[in-house]
Amino acid sequence: MHRRRFLMAGGVSALVGGAVLARSARARQGRRAEVVVRGGLIHDGSLQPPRRGDVAIGQGRILAVGDLSGWTASRTVEAAGRIIAPGFIDTHSHAAESLARQGLHSAEALLAQGITTVVVNPDGGGPVDLDAQRARLQTLGLGVNVAPLVGHGAVRGSVLGGEPRAPSTAERDRMRDTVRAAARAGAFGLSSGLFYTPGAYAVTEEVTDLMRTAAEAIGPTAFHTSHIRDEGTYSVGVVAAVDEIIAIAAGSGTIGIVTHMKALGPDAWGRTRECAAHIEAARARGVAVWADQYPYEASGTSLFAALVPREAQRGGRTAFAALVSDPARRAELLPQIRENIRRRGGAASLMVAFHPPDRRIEGLSLEQIARARGVSPEDAAIALVALHDTSTVSFNMSMDDIEFLMRQPWMMTCSDGATYMAGEGKPHPRGHGAFTRKLTTFVRDRKTLSLGQALHSMTGLPAQVCAIANRGVLVEGAHADLVVFDLAALRDEATYQEPHRHAAGMHAVFVNGTLAVDEGRPTHALAGTVLRREARRS
C-alpha cells in the first residue's frame, strides 16, 4: 500500500525537480559529452515548473541537466526558443505488427510525433510467446522502444480457444502458467479486451485471478490495462464497465488502467462525469486506478466487433457468414445490427477503413455504401462482414466528454493506433498524429490543458504507472529519450481522408541517446529496443 500511495501521490515527479537542482552545481564543472542540447525550456516529465537549461548526453544516458555552460560536446543541438522534454510514451499502441515490417520498422510516423516508447499487445491481444515476438521485432531493428504486455484474450484463447465458458481448474492453472512465462519473458503487465471475444466470455474473477498471478510474478506494480466490457450502452453500460476495472485492481492489489477511455455513442454522452467520480472515489480509498485517452472524436474497430451481437460472434466471422445465409437467422439479426448502428451514431458515422475485397469503398460511410447498393445499412453491414472483418472509423464521441476526461490528473495519453504504408486503406489517423494533435488542437489552440499537464501525461506519468524504468524523465542517469520542439511549429497533418501523413515540427528526437530526428528530418537510425521488465525472483 505504501508503494501504491507513493505512486498515486506523484512521488517520483516530486523528486525530479529537486534532483535536477541538486546536480546543477556539479554540472557547471567542465566536462565533455557526446551531445549537449543547449538553451531550451526544460519540462522534465514532472509537473514542476519548466526551467531554462541544457541537457548533456553520452553512452545512451543523460549525463547532466541544468546550466552546462562549462561542458563541451562533439555535437551541439541548439534549443533556444524551444521545449526540451522526455520522449513520449504511448501507453496503448497497435504498432507491434507495423514495427516488424520492412519500411515501417524505423518508426518514422511515431518519431515525427515525438514518441520514443510504445506499450504493445493491448486489448487482450498479441502473442503469448513474448520471446518469439522480441526476436521478430529485433530482426530488422527498431526505431523506437517497445514495452510488451501479455494479452488476457491471447492467454485464454491459447487454453480454451473461443469457447464461451469458464475454465476448469486445470485450465485456470495453465492460464496462470502462461502469465508466469510471459512475466519471465519481460512482460510489463496484462491487457484485456473484455468487449471482444474471447475476453468477453471471462467473468471479473478470472481476470482478477490472473492479475494476482501477474503480481506474484512481476511485483506489486504489475498493471492491467483494459478495453472495458462496454464503453457505451451495449451490455452492462460504461459506468459498470469502469467499476469492473476498479474491482480487478482492488481485488488483486495491482494497478488498473481504463484504456482509451470514452463515452461511446450519444446514449452514453455525459456519463464520463459519473465514471470519473467512481475513479476518484476508488483512488481516495487507495485503489491504484488510472486511464489513458486518444484525442479524437472517432474510435476505430471492426464492423464485426462493433455491430454483430455477441452470441452471433461465436465461431468467428466465417461462422457468422454461414449463419446469415439462413434467411430466418438473418431476419433475427437485422434489428439487433440496426440498433448497434444507431448506438454508434448512425450509418453516416461509420466509415470503412479497410475492406480488401473492394478497396473502392474505403473512405466511404456505411450510409453511402448502402445508398449506392440500394439496401438498408444493416444489410450492407452484413454483406461487408460476410466477406471480411472490415475495419472502420466510427465517429461516436462528444468534444465535451473528450475535454473533460483530458483534464483529469490521472489521464495519460495514448494513440490506440498502428502505422501504415502510404495508400494502405483509410485507417484512423491516430497512429500518425495522436500526440501532435493533443499538443496542437488541445494545448495550443483550444487551451484545454496546459503544456506542462499534457507533457506530464505523455512522459513522467506513464513511466510511473507502467513502471518503465529511467524513461519519461530528464534526470541524470535516465535513458536519453528526449524531444526538442517549438509548440508553434508543430503541425498535425494526418486527417481522416489523408491518414498516412506524418506530423511535422519536431526539431530533434533522441532514442537511447541517438538522434532519430535531426533538424526536422528522420535519420533512419535504429536505436530502439524491446524493453524487458524484470520478473520477481522467487
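Colleague: Which residues do ring pairs link into a cluster?

Modeller: Keep in mind that this is a predicted model. Rings count as a pair here if their centres lie within 6.5 Å. Ring pairs of that kind join up into a cluster made of F195, Y196 and Y234.

Colleague: And how many aromatic pairs does the count come to?

Modeller: The rule is that cut-off on the ring centres, 6.5 Å. Going by it, the count is 7 aromatic pairs.

Colleague: Take Y296 and Y496: what kind of aromatic pair do they form?

Modeller: A pair of rings is described by how far apart the centres are and by the angle of the planes. For Y296 and Y496 that gives 6.4 Å centre to centre and 75° between the planes. Planes over 60 degrees apart count as edge-to-face, so the pair Y296 and Y496 is edge-to-face.

Colleague: How many residues apart in sequence are the parts that this pair ties together?

Modeller: Y296 sits in the loop between strand 13 (289-293) and strand 14 (298-302). Y496 is in the loop between strand 18 (482-485) and strand 19 (506-511). The pair therefore ties together parts whose separation in sequence is 200 residues.

Colleague: Is Y296 buried or exposed?

Modeller: Its relative accessible area is 2%. Under 20% counts as buried, so Y296 is buried.

Colleague: What about F304 and F320, how many residues apart in sequence are the parts they tie together?

Modeller: Their ring centres are 6.1 Å apart with the planes at 70°, so this pair is edge-to-face. F304 belongs to helix 11 (residues 303-307) and F320 to helix 12 (residues 316-323), so the parts tied together are 16 residues apart in sequence.

Colleague: How many charged residues does the contact of helix 7 with helix 8 have?

Modeller: On the helix 7 side, R172, R176 and R180 are among the residues in contact, and on the helix 8 side E205, E206, D209 and E216 are among them. By class, the contact divides into 7 nonpolar, 1 polar and, for the charged ones, 7.

Colleague: How is helix 14 placed relative to helix 15?

Modeller: The axes of helix 14 (residues 366-373) and helix 15 (residues 377-387) come within 9 Å and cross at roughly 95°. Angles of 65 to 115 degrees count as roughly perpendicular. So helix 14 is, relative to helix 15, roughly perpendicular.

Technical notes:
Residues numbered from 1 in each chain as written. Predicted model: local features only at pLDDT ≥ 70, side-chain atom pairs only at ≥ 80, totals over all residues. Heavy atoms only, no water. Axes fitted to C-alpha atoms, helices over the stretch in contact; angles between N-to-C directions. Helix = DSSP H or I, 4+ residues; strand = E, 2+ residues; numbered from the N terminus. Parallel < 35°, antiparallel > 145°, perpendicular 65-115°, else oblique. Contact = heavy atoms within 4.5 Å. Nonpolar A, V, L, I, M, F, W, Y, C, P; charged D, E, K, R; others polar. Phe/Tyr/Trp six-rings, centres within 6.5 Å; stacked < 30°, edge-to-face > 60°. Buried < 20%, exposed > 50% of the residue type's maximum accessible area, 1.4 Å probe, protein only.
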